[in-house]
Amino acid sequence: MGPLAWDYNRIDANSTVEYKIAGNATAGTKLTTTLVWDRIVSWNDSGSVPGIPDFDDGFVVEELANLDISTVNAAGNALILPDAFGRMPFSNSPNDTVEHIYFALPESGSYSVRVQNLSNH
């Protein structure tokens with residue numbers, strides 16, 4: 001992927017996808033990665049007012065998917081040490097629908113961003 005990229009695809013349950021960053025980055029280059037996904041909410045229309053949400057309707061909130069992102073070096077190893085400013089090369093909150101990395105790459109070379117779905121859905 002180039003310096004700016006989007007992917008609107010899905011990631012299967014208990015799987016991993018890697019996005020190789022095009023070219024070689026110089027040490028100190030700032031990597032910004034944001035992963036955002038939707039929480040699934042289903043609407044159960046009671047039919048009292050068909051097609052319009054009303055007081056008789058119900059909503060079912062699905063379990064929140066647990067997605068994580070990490071920065072991966074050319075050898076395929078996830079980076080785990082913070083940069084000089086204490087910023088981490090990964091984001092792994094189990095409670096949100098957003099993961100974000102802002103990190104200075106430690107050395108020149110090629111990198112990837114790894115997305116992991118740790119959920120059963």
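Hi everyone. Let me start with E18, which is partly exposed, with a relative accessible area of 40%. Before I go on, please keep in mind that this is a predicted model.

So what does E18 do with its side chain? It meets the side chain of R114 in a salt bridge, at 2.6 Å from N to O. R114 sits in strand 8, residues 111–117, and E18 in strand 1, residues 15–20, so this pair ties together parts that are 96 residues apart in sequence.

How many salt bridges does the structure hold? Two. The other pair is R87 with D83, and here the closest N and O atoms are 2.9 Å apart. In this pair D83 is the buried residue, at 10% relative accessibility, and R87 is partly exposed, with a relative accessible area of 22%.

Which residues make the nonpolar surface patch? They are V41, W43, F59 and V61, and the patch covers about 400 Å². If you have the model open, look at strand 3, residues 41–44, and strand 4, residues 58–61: each supplies at least two residues of that patch. Take V41 as an example. Its place is in strand 3, and V41 is partly exposed, with a relative accessible area of 48%.

Key
Residues numbered from 1 in each chain as written. Predicted model: local features only at pLDDT ≥ 70, side-chain atom pairs only at ≥ 80, totals over all residues. Heavy atoms only, no water. Patch = residues over 30% accessible without salt bridge, like charges linked within 9 Å, V, L, I, M, F, W, Y side chains within 5 Å. Areas by Shrake-Rupley, 256 points an atom, 1.4 Å probe, with all protein chains shown as cover. Salt bridge = Lys/Arg side-chain N within 4 Å of Asp/Glu carboxyl O. Helix = DSSP H or I, 4+ residues; strand = E, 2+ residues; numbered from the N terminus. Buried < 20%, exposed > 50% of the residue type's maximum accessible area, 1.4 Å probe, protein only.
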